[in-house]
Amino acid sequence: SKVPMNIWASNFTNERMPLFKEQIKRLAKFNFEEFTDVMKIAGKNKGELFGLAMYNVLHNSKFTFNTHGDNSLTKAANFRLTEATGVGSCLVTDWKENISDYFEPDKEIITYKSIDEAAEKINYLLKNEDERAVIARAGQQRTLNQYSFEKRVQDFTAYLYTQL
């Protein structure tokens, strides 16, 4: 509600009553505000995207918002980091203790530690297009130079040789 954005998520639609079990738990605990917030987010969901359609949306986005959710509480470890940056979107992702192993925060990607900080940074980027574009290009260069499939296979092959 603090920034204009669209959402593309496969399991988060109004038709499916998003996160059904979790929503029932929210109601059982009288957590109506969070229940309503989830429904609002679901209302902005454009549905699932995969393959070229997904990359096209990422490429044409001013920014891509990423969160690791419960999948990784302390480490940056999802594909969205390189998917978004690789196609030239300005990535806004949750800060993790190892994020600087992959990207330089606030130079190649934008990191946040709270929803309020994320909203503040996104709104800043929307008002400062030139700066957003510089960060997006820097993130893309980092991904293309260091995280291409060819480069990752070379790194993995070198690693395997050291283990033999």
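Asp94 sits in strand S2, where strands (E, at least two residues) and helices (H or I, at least four) are DSSP runs numbered from the N terminus. The model is a predicted one, so local features need pLDDT of at least 70 and side-chain atom pairs count only at pLDDT 80 or more, while totals for chains, interfaces and linings use all residues. Residues are numbered from 1 along each chain as its sequence is written, and side-chain values use heavy atoms, with hydrogens and water left out.

Back to Asp94: its relative accessible area is 8%, which makes it buried (buried means under 20% relative accessible area, exposed over 50%, and partly exposed in between, with a 1.4 Å probe and protein chains only). Setting aside neighbours within four places in sequence, Asp94 is in contact with Asn66, Thr67, His68, Gly69 and Tyr112, contact being heavy atoms within 4.5 Å.

Now for the overall picture. The protein chain holds 7 helices and 3 strands, and from the N terminus on they come in the order α-α-α-β-α-β-β-α-α-α. The C-alpha trace spans about 55 × 45 × 30 Å along its principal axes. Of the 164 residues, 34% count as buried. Among contacts between residues at least 6 apart in sequence, 60% join residues at least 24 apart.

The strands form an open sheet in the order S1-S2-S3, with parallel pairing (two strands pair if DSSP finds at least two bridges between them). Strand S1 (63-66) and S3 are at the edges with a single partner strand each, so one side of each has no neighbour in the sheet. From one strand to the next, the twist averages 20°. S1 and S2 pair over 4 bridges in the parallel sense, and Phe65 stands opposite Val92 in S2. Helix H5 lies across S1, S2 and S3 and runs at about 155° to S3; for such angles, axes are lines fitted to C-alpha atoms, for helices over the stretch in contact, and the values run from 0 to 180 degrees between N-to-C directions.

What goes into the largest nonpolar core? It has 12 residues in all, including Val3, Phe63, Val92, Tyr112, Ile122 and Ile135; a nonpolar core is a set of buried Ala, Val, Leu, Ile, Met, Phe, Trp, Tyr and Cys residues joined through side-chain atoms within 4.5 Å. Two or more residues each come from strand S2 (90-94), strand S3 (110-112), helix H5 (115-127) and helix H6 (129-146). H5 gives the most, with 4 residues. Ile122 touches Val3, Met5, Phe63, Phe65 and Val92, not counting residues up to four places away in sequence. Apart from this core lies another, of 8 residues, among them Ala76, Leu81, Leu91 and Phe103.

Helix H2 is next. Its 13 residues (32-44) should span 18 Å at 1.5 Å a residue, and the end C-alpha atoms are 19 Å apart, which agrees; the expected span is 1.5 Å times one less than the number of residues. Phe35, Val38 and Ala42 are the buried residues of H2. They cover an arc of only 65° around the axis, so they are on the same side of H2, the arc being that of the directions from the helix axis to the C-beta atoms. The face turned away from that buried side carries the exposed residues Glu33 and Lys40.

Finally, Ala9 is in the segment before helix H1 (20-28) and counts as buried at 17% relative accessibility. Ala9 and Leu49 are 40 residues apart along the chain, yet their C-alpha atoms are separated by 7.4 Å. Leaving out residues up to four places away in sequence, Ala9 touches Asn45, Gly47 and Glu48.
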